[in-house]
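I set out to record, entry by entry, what I looked up in this structure. The entries begin with a sheet and then turn to a helix and a few backbone angles.

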Amino acid sequence: MKQITDGVYQFQGMAAGGVYLITDGDGLTLVDTGMPNAPNQIIRQMKRAGYAPTDIKRILITHSHMDHIGGLAKLKTISGAEVIASAAEKPDIEQVIAVDRVVNDGDILGEVMGGLQVIATPGHSAGHTVYWQPDRRILFIGDALMNWFGRLSMPFEKPTLDMEQAKESARQIAALEPSIVCFGHGPALTENTAAEITAFAAHRL
Ligand SMILES: [Zn+2]
């Protein structure tokens, strides 16, 4: 695992789909689960850091694409964690495993990072959701934007449901002025983040 900031880690060697571990909170929280082969790597890296799979108390899903929920069924089975996702993503996620708790725009997950806010960012998928810690300005962005090869971009056209709506969500995200952004694709942004995203929104949306 690579530390992004205090209490936030990114798993290494994922084939696609970034997976994050939040250690700050009541038990451990995962954000997304990568491809179907990701759980072995996730568990191995957690063990190396001194954690057991059963330390995972909840799994937050940004959206139901396979590179984000591929490892979900296995991780849920070995951890017993609560699966949390939006109502619009629930039917597709439930092709692989049950969603335990549905969240809506504006909800606050008080047990994670002292209050992690749920923000609906539809467009890439109908119920795409980002998770935002407002005091530390940390954003788990899923595929609302990518940092593919270290360059900000909109998500790929093909898997994106409604690109105009996705751009509107991207503008909403830029207005948050995040300090740290953890992407589903590409390395986290930790420096000059708000300026880069603001510039992207101003010139490329
Ligand atoms: Zn996606």
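**Entry 1: the sheet**

I first looked up strand β11 (residues 138-142), which pairs with β12 in the parallel sense over four bridges. I took helices (H or I, at least four residues) and strands (E, at least two) as DSSP runs, numbered from the N terminus. Two strands count as paired if DSSP finds at least two bridges between them. I noted that the bridge partner of F140 in β12 is C182.

The model is a predicted one: local features need pLDDT of at least 70, side-chain atom pairs count only at pLDDT 80 or more, and totals for chains, interfaces and linings use all residues. Residues are numbered from 1 along each chain as its sequence is written.

I then traced the order of the open sheet of five strands, which is β8-β9-β10-β11-β12, with mixed pairing. β8 and β12 (180-183) stand at the edges with a single partner strand each, so one side of each has no neighbour in the sheet.

**Entry 2: the antiparallel pairs**

I found that strand β8 (residues 108-109) and strand β9 (residues 116-120) pair in the antiparallel sense over two bridges. I108 has Q117 in β9 as its bridge partner. Six residues lie between β8 and β9 in this hairpin, and M113 in the turn has a positive phi of about 50°. β9 also pairs with strand β10 (residues 129-133), in the antiparallel sense and over four bridges. There I saw I119 opposite V130 in β10.

**Entry 3: helix α1**

Which residues of helix α1 (residues 38-48) are buried? I listed A38, P39, I42, I43 and M46. A residue is buried if 20 or more other C-beta atoms lie within 10 Å of its own, exposed if 12 or fewer, and partly exposed in between, with C-beta atoms placed from the backbone. Just after α1, I noted a positive phi of about 95° at G50.

**Entry 4: two positive phi values**

Most residues other than glycine have a negative phi. I looked up D32, whose phi is near 65°, in the loop between β4 (28-31) and α1. D32 counts as buried, because it has 28 C-beta neighbours inside 10 Å. N192 has a phi near 60° and is placed in the loop between β12 and α6 (193-204). N192 counts as exposed, because it has 10 C-beta neighbours inside 10 Å.
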